[in-house]
Amino acid sequence: MLNMEIRGQRIELESCSGIFSKDRVDNGTLLLVASMELPDEGSLLDMGCGCGAIGVAAARLKPKLKVTMVDTNPVAVRLAKGNIVANDLENADALESDLYSGLAGKSFNTIVSNPPLASGYKVIFPMIEGAKEHLIEGGSLQIVLRKGVKAIPAKMKEVFGNVEIISRKSGYRVFRSRKN
């Protein structure tokens with residue numbers, strides 16, 4: 001069982017082998033959750049949700065926000081669904097989707113991700129490109145990365161025309177691009 005306390009909220013998460021950071025919530029995710037900018041209502045997408053730490057935290061912090069969590073790994077989706085139930089959340093759901101394939105016609109106020117760097121740019125660049133299509137006007141993409149990763153923020157700037165660092169700690173940076 002993983003535990004995290006974010007913005008005064010205690011969250012418990014089940015994880016297992018085969019899931020990123022199965023034994024503890026990693027520092028990048030903790031930084032993103034602590035600093036992500038969330039609308040009070042509307043919709044949020046947690047892309048590559050794993051066990052659901054980011055999406056569960058967002059749903060807990062903003063009860064009027066509709067949170068959708070997606071992952072390609074069916075085990076991750078099962079865990080995220082279980083963690084939604086375990087944290088008594090009625091404003092969140094998890095589904096299996098290869099990037100945006102299961103989200104046709106859906107748009108979001110915010111898309112957040114601790115992207116799978118091990119999967120490489122062949123996954124992360126289409127995630128960034130697809131985000132623009134799935135964000136409402138004024139919506140934001142927020143991604144946490146290790147310090148020194150330069151190609152991903154450069155891609156965010158290329159796609160959105162803007163990128164900024166909104167938080168930094170322990171070798172991680174949270175980058176945000178807005179759809180204007």
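Biologist: Which strands does helix 4 lie across?

Modeller: In this predicted model, helix 4 (residues 121–134) lies across strand 3 (41–47), strand 6 (108–113) and strand 7. Helix 4 runs at about 155° to strand 7.

Biologist: Happy to follow that. In what order do the strands form the sheet?

Modeller: Start with the general idea: strands of a sheet pair through backbone hydrogen bonds, either parallel or antiparallel. Here seven strands form an open sheet, ordered 5-4-3-6-7-9-8, with mixed pairing. Strand 5 and strand 8 (164–169) are the edge strands, each pairing on one side only. From one strand to the next, the twist averages 20°.

Biologist: How many bridges join strand 7 and strand 9?

Modeller: Seven bridges, and the pairing of strand 7 (residues 135–146) with strand 9 (residues 172–178) is antiparallel. Look for Arg 146, which stands opposite Tyr 172 in strand 9.

Biologist: Now helix 3. Which of its residues are buried, and why do they line one face?

Modeller: Buried means under 20% relative accessible area. In helix 3 (residues 74–86), Ala 76, Val 77, Leu 79, Ala 80, Asn 83 and Ile 84 are buried. Seen down the axis of helix 3, these buried residues fall within an arc of 165°, so they line one face. On the other side, Arg 78, Val 85 and Ala 86 are exposed.

Biologist: What do the buried residues of helix 3 pack against?

Modeller: Strand 2 (9–13), helix 2 (53–61), strand 4 (64–71) and strand 5 (92–96).

Biologist: And which residue caps the N-terminal end of helix 3?

Modeller: Asn 73 does, with a side-chain oxygen 2.8 Å from the backbone nitrogen of Val 75. Just after helix 3, Asp 88 takes a positive phi of about 55°.

Conventions: Residues are numbered from 1 along each chain as its sequence is written. This is a predicted model: local features need pLDDT of at least 70, side-chain atom pairs count only at pLDDT 80 or more; totals for chains, interfaces and linings use all residues. Side-chain values use heavy atoms; hydrogens and water are left out. Helices (H or I, at least four residues) and strands (E, at least two) are DSSP runs, numbered from the N terminus. The expected span of a helix is 1.5 Å times one less than its number of residues. Buried means under 20% relative accessible area, exposed over 50%, partly exposed in between (1.4 Å probe, protein chains only). The arc is that of the directions from the helix axis to the C-beta atoms. Contact means heavy atoms within 4.5 Å. A polar contact is a pair of N or O atoms within 3.5 Å; within protein, one must be able to donate a hydrogen and the other to accept it, and residues adjacent in sequence count only if both atoms are side-chain atoms. Two strands pair if DSSP finds at least two bridges between them. Axes are lines fitted to C-alpha atoms, for helices over the stretch in contact, and angles run from 0 to 180 degrees between N-to-C directions.
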